[in-house]
Amino acid sequence: MARLPPGIRFIVSFSRDQWYRAFVFILTFLLYASFHLSRKPISIVKGELHKYCTASNEAEVRFNGQSQKTSDTPAHQLPDNETNCGWAPFDQDNYQQLLGALDYAFLCAYAVGMYLSGIIGERLPVRYYLTCGMLASGAFTALFGFGYFYSIHSFGFYVVTQIVNGLVQTTGWPSVVTCLSNWFGKGRRGLIMGVWNSHTSVGNILGSLIAGYWVSTCWGLSFIVPGAVVAAMGLVCFLFLIEHPRDIACSSSLAMHPKGYENGTHRFRLQKQILTEEKNKPLDPETQCLLLSDGKRSGHQNHVVVLPDGGSGVAAISFMGALKIPGVVEFSLCLLFAKLVSYTFLFWLPLYITNVDHLDVKKAGELSTLFDVGGIFGGILAGVISDRLEKRASTCGLMLLLAAPTLYVFSAVSRIGLEATIVMLLLSGALVSGPYALITTAVSADLGTHKSLKGNSHALATVTAIIDGTGSVADAQDARCSGVIGIGRPS
């Protein structure tokens, strides 16, 4: 029999289960990347909504006014939807407060909605719930951009759009984390979810590039195009997302497939993933404290929580029941501070760069993507370290401790030059996004399959929503304060 071509040998070297897992991994990655892609434009467009009126511009206006008195030729008139200082109502002196209020509206709605979203998501099919959320998110993201084409200058219109968009976007995170956790067991969860969580940075990068392409010419498209992308991915979700392995008769945990040979072709045998040495391995003190319900260690405790293939008859966990899971409150508070810093960079970094490094809006948006590039490496590094040490909390704590002086140095050296800004953006992104990624993915999945749940799989979305929602509370307050103190104001 002829030897199989290399490409075919590669295809058959993976089992059916592995191919489905890879498919779900990539699909959920793209789905949530599109959510972040739609959140980024507001930070890019801020520099266009308000343009600083310099003394030279004011002098030019006075000169044109004097010329008009001595000439029959009328002075140059700006379009109805544009002023010398940007887009009304953001062209006034209180523009910082107005822009901060937009972020505040979105994040307040997101924080409140996240607590409710997890509870609702546990009781509805993930595919339908996520699809509806993505279609609605795409619609309201695009609606913000339509304000440009219809010359809408009502501040209330933009605030309401942000509030509703914040609410519908809460459908995303609990859904994708639940789906991915159903497909992947705890083995190397930190690494797998560290790689997977780079969708946040990838979405921010794509959002910056897309919004930056149109920001100086037609900023409305900076919202409409990302909105269309989110809506399109919602249709993809409806057509292809598989919520649980049992829906297509796949195994519920990762399986090892050693090679075998028969007639020159590869054959594989399913083996149990749980190895004897892991089965008898004692828990470290940190995991014992945070991930055991009774605080006691069994001599033969197994790290892997096996969820039942059924479980449809098991009631979903309540909000208070999820709070009682050891570690949920602690990690929620930890994320509160990590996400506060992350979203400050998300919403205000391009404007900060515009004013500190004196770059135009498009170049500032492109440069801000370096923070997200650093975040990709930070998330993967945090996952690898936490898997190797089996200490999620210690990994988060160490990276956050290193992030504090790094951010201080960034604020000091970013005024020195462009090269210093680039280096500090990469380093800050890695140290801030690493703990953020670890807590919102691997830690949330660990706690959502905690031993005290006794195999109840209807807790992942609620636990994930509580942790992420708590982080968003800090984001909302930070957005409010940022608008008041005027981040990005020239010195």
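## A guided tour around helix 3

The chain exposes about 22000 Å², and carbon and sulfur atoms supply 65% of that area; accessible areas come from the Shrake-Rupley method with a 1.4 Å probe, and for residues only the protein chains shown count as cover. The model is a predicted one, in which local features need pLDDT of at least 70 and side-chain atom pairs count only at pLDDT 80 or more, while totals for chains, interfaces and linings use all residues. Residues are numbered from 1 along each chain as its sequence is written, and side-chain values use heavy atoms, with hydrogens and water left out.

**Whole chain.** Display the chain as a cartoon: 19 helices and 2 strands are present. Helices (H or I, at least four residues) and strands (E, at least two) are DSSP runs, numbered from the N terminus. Of the 491 residues, 52% count as buried, where buried means under 20% relative accessible area, exposed over 50%, and partly exposed in between (1.4 Å probe, protein chains only).

**Helix 3 and helix 16.** Select residues 41–49 for helix 3 and residues 361–389 for helix 16; their axes come within 9 Å and cross at roughly 155 degrees. Axes are lines fitted to C-alpha atoms, for helices over the stretch in contact, and angles run from 0 to 180 degrees between N-to-C directions. The angle at this crossing makes helix 3 roughly antiparallel to helix 16 (under 35 degrees counts as roughly parallel, over 145 as roughly antiparallel, 65 to 115 as roughly perpendicular and the rest as oblique). Now show the side chains of Ile 44, Gly 47 and Glu 48 of helix 3, together with Val 361, Gly 365 and Ser 368 of helix 16, which make the contact (heavy atoms within 4.5 Å).

**Helix 3 and helix 5.** Which residues make the contact of helix 3 with helix 5? On helix 3 they are Ile 42, Lys 46 and Leu 49, and on helix 5 they are Leu 99, Leu 102 and Asp 103.

**Tyr 95.** Finally, select Tyr 95, which lies in helix 5. Is Tyr 95 buried or exposed? Tyr 95 is buried, with a relative accessible area of 4%. Select Leu 49 as well: the C-alpha atoms of Tyr 95 and Leu 49 are separated by 8.8 Å, although the two residues are 46 residues apart along the chain.
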